[in-house]
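Thanks for coming. Please have a look at it first.

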Amino acid sequence: MTQTNTSATTEPSAPSRRELNKAATRSSIAAAALDLLRTNGPGNFTVEDIAATAGVSRRTFFNYFPSLEAALSSVADGFMDRALEQFRLRPSDETILESAQAALMALADPMSVAPMAELFSLTQDNRSLARSELEAWEHCTGQIIEAARTRLGEDVSELYLYALAGSVISCGKAAMTVWFAERGPDLSPESLAVLRQHLIDAMGLLGAGFTPSSFTKTHTAPVSTTTDRS
């Protein structure tokens, strides 16, 4: 499939003060939700608690998020936004998967994956929070589709876009699952560096078509498959 870069060549306009304030409020609410999840545990706080912690009204909360789960899932948005920024900087003649792998490699600071990793860790074995994890992955899927559509043009097949996004997300889930099996809820820089490398390697596997020679077995902990969280 021929790739064309239809991105605008002009610099995007700077966000207005109102837009910056809205982004700050959204970020504050998401941070409050994650903080309450850490301290209180799942099922032990409400939308009202999140709003109070963030210093906003209940009505303001719902202006930004439709549910508690949506507020929690949004903590992973920052990582995806930064990855897509790097993706858009890649040459248009690269394949999508080459650009995706390069974008992840450009995020050299392992702490960039911390919010996503923490959300994944805190929602494991908590079925009541499975929706938060699902919403985070669905949001990522939508962003990948739009980024690929911008790169390839409006004539690209919808099947291609959705199959591509689904494959990338599945590789992301695989990297997270293997990392958690190896490291558990360890969010140290060393552990997060392992997660970052797993994400890069998973993109490499996808780009190589999962050929047997594309990857060698490494020392990893056994991965439990008894619980299906897809």
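Cys140 is buried, at 4% relative accessibility. Buried here means under 20% relative accessible area, exposed means over 50%, and partly exposed is in between, with a 1.4 Å probe and protein chains only. Cys171 is buried too, with a relative accessible area of 7%. How many disulfides does a search of the whole structure find? It finds zero, a disulfide being a pair of cysteine sulfur atoms within 2.5 Å.

Some housekeeping. This is a predicted model, in which local features need pLDDT of at least 70 and side-chain atom pairs count only at pLDDT 80 or more, while totals for chains, interfaces and linings use all residues. Residues are numbered from 1 along each chain as its sequence is written, and side-chain values use heavy atoms, with hydrogens and water left out.

Now the overall picture. The protein chain has 10 helices and zero strands; helices (H or I, at least four residues) and strands (E, at least two) are DSSP runs, numbered from the N terminus. Of its 230 residues, 40% count as buried. Contact means heavy atoms within 4.5 Å. Among contacts between residues at least 6 apart in sequence, 71% join residues at least 24 apart.

The axes of helix 5, residues 77–88, and helix 8, residues 130–152, come within 11 Å and cross at roughly 15°. Axes are lines fitted to C-alpha atoms, for helices over the stretch in contact, and angles run from 0 to 180 degrees between N-to-C directions. Helix 5 and helix 8 are therefore roughly parallel to each other; angles under 35 degrees count as roughly parallel, over 145 as roughly antiparallel, 65 to 115 as roughly perpendicular and the rest as oblique. Which residues of helix 5 and helix 8 make the contact? Helix 5 supplies Asp77, Met80, Asp81, Leu84 and Phe87, and helix 8 supplies His139, Cys140, Gln143, Ile144, Ala147 and Arg151. So the buried Cys140 belongs to this contact.

Ser74 lies between helix 4, residues 68–73, and helix 5. Its relative accessible area is 8%, so Ser74 is buried. Not counting residues up to four places away in sequence, Ser74 touches Arg26, Ala30 and Phe65.

Helix 7, residues 114–123, is mostly covered, with eight of its 10 residues buried. Among them are Met116, Glu118, Leu119 and Phe120. The buried residues of helix 7 pack against helix 1 (17–40), helix 4, helix 5, helix 8, helix 9 (158–183) and helix 10 (189–207).

On the helix 1 side, take Leu34. Leu34 is buried, with a relative accessible area of 6%. Leaving aside neighbours within four places in sequence, Leu34 is in contact with Leu72, Val75, Glu118 and Leu122. Leu34 and Glu118 are 84 residues apart along the chain, and their C-alpha atoms are separated by 9.0 Å.

Last, two backbone points. Phe210, in the segment after helix 10, has a positive phi of about 55° although it is not a glycine. Is Phe210 buried or partly exposed? Phe210 is partly exposed, with a relative accessible area of 49%.
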